[in-house]
Amino acid sequence: MGASVQRFLASVCLVLVFLLTAFAQSGRLGRNGSASNSTAIGGVFLSGTIVIDGGDFLTDAVEIQTVCRGQRHTETRTDSHGFFTFQFGGQRDTGSDVNFGADSPAPERRSGVFDRIPQDCELQAALPGFTSDIVQLGGRISGDENADIGHIVLHRLANVEGFTVSATTAQAPPAAKKAFEKSQEQLKKGKWDEAQKLLEKAVALDPKFAAAWNELGRVQLEKKDSTAARHAFQQSVAADPKYINPYRGLIQLAERERNWQELCDASEKLLALNPVSFPEAWLSNAISYYGAGNLVAAEKSARRGLQIDREHRVPKLEYLLGVILLEKPDYEQAVQHIQAFLNHATQASDVAEGRRKLDEIARLSSASNVALAEKK
């Protein structure tokens, strides 16, 4: 085996370990509930309900976001009925041991910690495959301790076929729905065994209850029962092929098992249903091709992901594209994308890996220049 092939294989292994370990730590299939551990001191309580245009039932938690002077912040998530409440304004306690000493920035300059002015803010919902009505908070908050926002309506995107809500939920019998709702309460408490029993009851009462099958798969995935989880996700897909969530579960299973073909199949099915809401699925798709040695397809998927990831929610797309370009080799573009990854990385381990990769590119580029000079 040649030295270049050995280097490539070693690089592939390191890259995949970095990317997939990060996936395992990120909790992409995390439970529904509050989006933040922060609390507010003062301010007002805002509440309301999310509904879908056309009357479909929600089967997934919806993020509730404020946008203040262009800064987006996820405040909370809805319950299973689409209801939300959170405290807005006042001094925000992030739960960290921040010491505002003499050298600390002025409080009003610490984004997300101190007062946000309602007149400068909007409220919206976020659910893949939908657009949200926008609520101007300046016209809704009068200084009372509580403010009811009312209904915020979600509208389906015209070019999307798959959603994180399932039509089978409305068709489930009342007893199955009740077991499903109770399971969600148990999951919020971290009671996996109790939730599993309730979900098994729900799918026994209605074998076509796609959301219940998906939640059962998530519980089994959490309990590291891969065989049972795969069966549950497949049953969810069979019950509602346009329901996005079970494909996400199958993607996580394939990533955990380093099964590149299964990862490719699951991510491509998801992206065929919704190519615009899941940049992390484009990353998974690119990883599947990279792991199989198909750099052309991996580059294409990484670039597609970056096109839709305008808010840089998945900076590892930049990292993977940089690694792929390094193999061409295109050192200049590789550096640009690794640097873009570093610009948006938040974890110390990610920053360390990005810097290590930049050092590697510099070393390889220098060696290439020396070799070219010697040929001349």
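Author: Gladly! Let us start with Ile-361, which lies in helix H13, residues 348-375. Please keep in mind that this is a predicted model.

Reader: Why is Ile-361 called buried?

Author: A residue counts as buried when its relative accessible area is under 20%. Ile-361 has a relative accessible area of 1%, so Ile-361 is buried. The C-alpha atoms of Ile-361 and Gly-322 are separated by 9.7 Å, and these two residues are 39 residues apart along the chain.

Reader: What makes the pair of Arg-218 and Glu-215 a polar contact?

Author: A polar contact needs a pair of N or O atoms within 3.5 Å, with one able to donate a hydrogen and the other to accept it. Between the side chains of Arg-218 and Glu-215 the value is 3.0 Å, and the pair is a polar contact.

Reader: Why are H5 and H6 called roughly antiparallel?

Author: Angles over 145 degrees count as roughly antiparallel. The axes of H5 and helix H6, residues 226-239, cross at roughly 165 degrees, so the two helices are roughly antiparallel to each other. Their axes come within 8 Å, and the crossing of H5 past H6 is left-handed.

Reader: What is found in the loop between H5 and H6?

Author: Lys-224 is found there. Its phi is near 65 degrees, a positive value in a residue other than glycine.

Reader: Why does Lys-224 count as exposed?

Author: Exposed means over 50% relative accessible area. Lys-224 has 66%, so Lys-224 is exposed.

Reader: How do you know that Arg-69 is exposed?

Author: By the same cut-off of over 50%: Arg-69 has 68% relative accessibility and therefore counts as exposed. Arg-69 lies in the loop between S3 and S4, and has a positive phi of about 50 degrees although it is not a glycine.

Reader: What makes S3 and S4 a pair of strands?

Author: Two strands pair if there are at least two bridges between them. Strand S3, residues 63-68, and S4 have six bridges and pair in the antiparallel sense. Along this pairing, Glu-63 stands opposite Arg-77 in S4.

Reader: Why are S4 and S9 said to stand at the edges?

Author: Their sheet is an open one of four strands in the order S4-S3-S7-S9, with antiparallel pairing. Strand S4 (71-77) and strand S9 (135-136) each have a single partner strand, so one side of each is left without a neighbour in the sheet.

Reader: What makes the pairing in the sheet S5-S2-S10-S8 mixed?

Author: This open sheet has four strands in that order, and its pairing is mixed. Its edge strands are S5 and strand S8 (130-132), each pairing on one side only. Now look at each pairing in turn:

- Strand S2 (residues 44-52) and strand S5 (residues 83-88) run antiparallel, joined by six bridges. Here Val-44 stands opposite Phe-88 in S5.
- S2 and strand S10 (residues 146-156) pair in the parallel sense over seven bridges. Here Val-51 stands opposite Val-153 in S10.
- S8 and S10 run antiparallel, joined by three bridges. Here Ser-132 stands opposite Leu-154 in S10.

Reader: What makes H7 mostly covered?

Author: Of its 13 residues, 10 are buried. Among them are Tyr-247, Leu-250 and Leu-253. Just after H7, Arg-258 takes a positive phi of about 55 degrees.

Reader: Which peptide bond is cis, and what is its omega?

Author: The bond from Lys-328 to Pro-329 is cis, with omega near -5 degrees. Pro-329 has its place in the loop between helix H11 (316-326) and helix H12 (331-344).

Methods:
Residues are numbered from 1 along each chain as its sequence is written. This is a predicted model: local features need pLDDT of at least 70, side-chain atom pairs count only at pLDDT 80 or more; totals for chains, interfaces and linings use all residues. Side-chain values use heavy atoms; hydrogens and water are left out. Buried means under 20% relative accessible area, exposed over 50%, partly exposed in between (1.4 Å probe, protein chains only). Axes are lines fitted to C-alpha atoms, for helices over the stretch in contact, and angles run from 0 to 180 degrees between N-to-C directions. Angles under 35 degrees count as roughly parallel, over 145 as roughly antiparallel, 65 to 115 as roughly perpendicular and the rest as oblique. A crossing is left-handed if the near helix is turned anticlockwise from the far one by less than a right angle, and right-handed if clockwise.
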